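Hi everyone, thanks for making the time today. I'd like to walk you through one structure, so let me put it on the screen.

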Amino acid sequence: MIDVNRIRADFPGLAQTVHGKPLVFLDNAASAQKPRAVIDAVAHHYAHDYANVHRGVHQLAERATDAYEGAREKVRAFLGAASTREIVFVRGTTEAINLVAHSWGRHALRAGDEVLITEMEHHANIVPWQLMAEEIGFTLRVAPILDDGRLDMEAFAALLNERTRLVAVAHMSNVLGTVNPVQEIVDMAHAHGALCLVDGAQSVSHLPVNVQELGCDFYAFSGHKLFGPTGIGVLWAREALLEAMPPYQGGGEMIREVSFQRSTWADLPYKFEAGTPHIVGAIGLGAAIDYVTAIGLQAIAEYEHGLLEYATEALESVPGLTLVGRAPHKGAVLSFVMDCAHPHDIGTILDGEGVAVRAGHHCAMPLMERLGLPATTRASFAFYNTREEADALVAALYKVREIFA
Amino acid sequence: MDPRALYQEVIVEHGRRPRNFGPLPDANYRARGHNPLCGDRMTLYLKVDDQGIVEDARFEGEGCAISMASASLMTEAVKGKTVEEAELMFENFHDLVMDTHEAKRPIDLGKIKILAGVKDYPSRVKCATLAWHTLHNALEGKEEASTE
């Protein structure tokens with residue numbers, strides 16, 4: 001059970017007013033607020049234990065290394081991964097996917113191969129593949145969605161073939177909220193000899209994830225959407241894949257030996273962590289993982305499902321409002337359009353009422369094209385949001401109608 | 001923040017029923033404007049006569065109330081003005097909504113001043129200036145304008 005008042009007290013950013021109104025923060029799909037535990041972990045590390053990792057012979061370097069590697073172990077446990085050798089710290093989901101596209105892509109993909117994505121992908125899971133497709137000459141294929149926002153599994157199955165080398169798919173759509181049947185997708189990909197990359201940017205903060213149960217080959221997520229710092233994220237990949245992949249960036253930390261003739265690479269995961277990493281970001285992410293794990297992702301998922309049902313019904317009661325994305329299995333992301341007002345005008349009016357939402361294409365322009373919409377307004381909930389906040393959103397939408405309808 | 005300060009009656013009304021909306025087949029100046037950040041798009045058509053006077057101005061496109069109202073009010077305002085006056089209005093409007101007070105050559109913007117409230121909404125200034133950047137580009141002979 002979620003005690004939402006206790007949880008809200010943990011997030012100093014939530015307890016403020018904007019434009020004289022209590023903040024109703026419903027832009028969690030873009031980035032989430034931080035609990036005191038994360039803020040304190042970051043501040044504490046900088047104040048007491050800070051030094052560069054892995055290199056020093058002194059006390060602080062040891063403490064920093066322990067904390068950094070401790071965070072890696074927390075990520076491993078959080079994802080249910082077999083080994084910390086499979087946990088690569090990166091800047092975020094975007095860098096994780098770029099790493100796979102550049103390193104694995106260059107190593108494994110040839111002209112004539114196919115990479116299959118879906119119509120609901122974020123630009124971060126489209127553009128890296130386009131860049132590599134241009135370089136290598138493989139073909140990027142796109143599985144369509146159904147009108148309710150589900151992936152069209154029949155069309156997806158029909159697009160899989162012996163040339164498909166990789167399926168790259170969002171676990172949960174940042175626009176539609178759709179949770180894709182990743183396990184099924186992975187099985188289908190594997191049956192065709194293809195690997196599967198899962199973009200977990202939206203999912204890790206809302207539902208339990210176990211990469212071994214999902215059976216996927218790559219999993220990427222960002223710390224900042226999981227209540228951790230910005231600039232830190234994770235690529236998980238099977239150890240055998242990481243072993244075979246060439247380095248993504250060269251520099252310090254990622255080498256074993258360097259001479260001007262040739263260099264050899266460090267063991268996993270350091271082969272993929274060139275340069276001084278975002279040490280404190282990783283430590284903050286570890287604190288965020290401790291925080292959500294103590295509450296429990298299952299409890300979070302159940303609480304948010306209640307919020308989704310409540311908010312869906314509340315929004316449907318607003319005249320002239322149409323929800324975009326009605327998949328039966330979805331997270332608490334509510335995209336919508338109104339017949340009387342443009343998403344940007346809605347966003348501005350809501351902001352005046354203290355309600356923070358996102359308006360625009362949400363970095364998913366091809367999806368907007370498919371939906372035939374230039375933009376949507378999106379309210380995205382986290383486990384610190386309440387039904388009262390959904391009510392405040394609805395009240396603010398009536399303000400929009402007052403002005404425009 | 002009272003949204004009515006931004007969304008005044010005139011703006012809402014022009015946003016809902018923009019004036020001079022539609023193509024202008026005998027236009028001799030035209031440009032497309034695009035704000036990739038929010039997806040607003042418009043095409044502006046101008047008919048300028050031999051004396052350099054804007055005889056007609058029309059636009060097509062889609063966008064928020066601010067960008068549609070701004071385009072609507074702009075096309076009304078520049079009709080009958082010389083090209084030079086229209087460019088001056090562009091400069092003055094830019095200063096008005098950016099709150100920079102740098103207009104070297106002031107010109108009365110008349111009814112358009114109603115959009116001044118947008119200066120308190122930094123994320124929306126580009127919505128208000130899209131039509132004007134498109135006008136400026138049309139007059140300069142550039143066919144694409146972007147306010148990203």
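Before I name any parts: helices (H or I, at least four residues) and strands (E, at least two) are DSSP runs, and they are numbered from the N terminus. Please also keep in mind that this is a predicted model.

With that numbering in hand, let me begin with two backbone details in chain A. Cys363(A) sits in the loop between β16 and α13 (365-371) of chain A. What is the phi of Cys363(A)? It is near 55 degrees, a positive value in a residue other than glycine. The other detail is a cis peptide bond between Leu268(A) and Pro269(A), with omega at about 0 degrees. Pro269(A) belongs to the loop between β12 (263-265) and α10 (279-295) of chain A. I point these out because most residues other than glycine have a negative phi, and most peptide bonds are trans.

Now, the sheets. Seven strands of chain A make an open sheet with mixed pairing, and the order is β4-β10-β9-β8-β7-β5-β6. Which strands are at the edges? They are β4 (87-90) and β6 (139-143) of chain A, each of which pairs on one side only. Ignoring direction, neighbouring strands of this sheet are turned against each other by 20 degrees on average.

If you zoom in on strand β5 (residues 114-118) of chain A, you will see that it pairs with β6(A) in the parallel sense, over five bridges. One residue pair to click on there is Ile117(A), whose bridge partner in β6(A) is Val142(A).

Two helices to look at here pack on the sheet. Helix α3 (residues 59-79) of chain A touches β4, β9 (218-222) and β10 (233-237) of chain A, and its direction makes about 115 degrees with that of β4(A). Helix α4 (residues 93-108) of chain A touches β4, β7 (164-170), β8 (195-199), β9 and β10 of chain A, and makes about 155 degrees with the direction of β9(A).

Another open sheet in chain A has four strands in the order β13-β14-β17-β16, and here the pairing is antiparallel. Its edge strands are β13 and β16 (358-360) of chain A, each pairing on one side only. From one strand to the next, the twist averages 30 degrees. Inside this sheet, β14(A) and strand β17 (residues 376-380) of chain A pair over four bridges in the antiparallel sense. Leu334(A) has Ala379(A) as its bridge partner in β17(A). Helix α11(A) packs on this sheet, touching β13 and β14 of chain A, and its direction makes about 5 degrees with that of β14(A).

Glu316(A) lies in helix α11 (residues 297-316) of chain A, while Arg326(A) is in the loop between β13 (321-324) and β14 (333-338) of chain A, so the pair ties together parts that are ten residues apart in sequence.

Last stop, the interface. Chain B brings 18 residues to the contact and chain A brings 15 residues. The buried area between the two chains is about 1400 Å², with carbon and sulfur atoms giving 58% of it. There is one salt bridge across this interface: Asp345(A) with Arg124(B), where the closest N and O atoms are 2.9 Å apart. Six residue pairs are in polar contact between chain B and chain A, both residues being at pLDDT 80 or more. On the side of chain B that touches chain A, the elements giving two or more residues are α1 (9-16) and α2 (65-78) of chain B. By class, that side has twelve nonpolar, one polar and five charged residues.

Methods: Residues numbered from 1 in each chain as written. Chains lettered and ligands numbered in written order. Predicted model: local features only at pLDDT ≥ 70, side-chain atom pairs only at ≥ 80, totals over all residues. Heavy atoms only, no water. Contact = heavy atoms within 4.5 Å. Buried area = accessible area lost by both parts, 1.4 Å probe. Salt bridge = Lys/Arg side-chain N within 4 Å of Asp/Glu carboxyl O. Polar contact = N/O pair within 3.5 Å; in protein donor to acceptor, adjacent residues only side chain to side chain. Nonpolar A, V, L, I, M, F, W, Y, C, P; charged D, E, K, R; others polar. Pairing = 2+ DSSP bridges. Axes fitted to C-alpha atoms, helices over the stretch in contact; angles between N-to-C directions.
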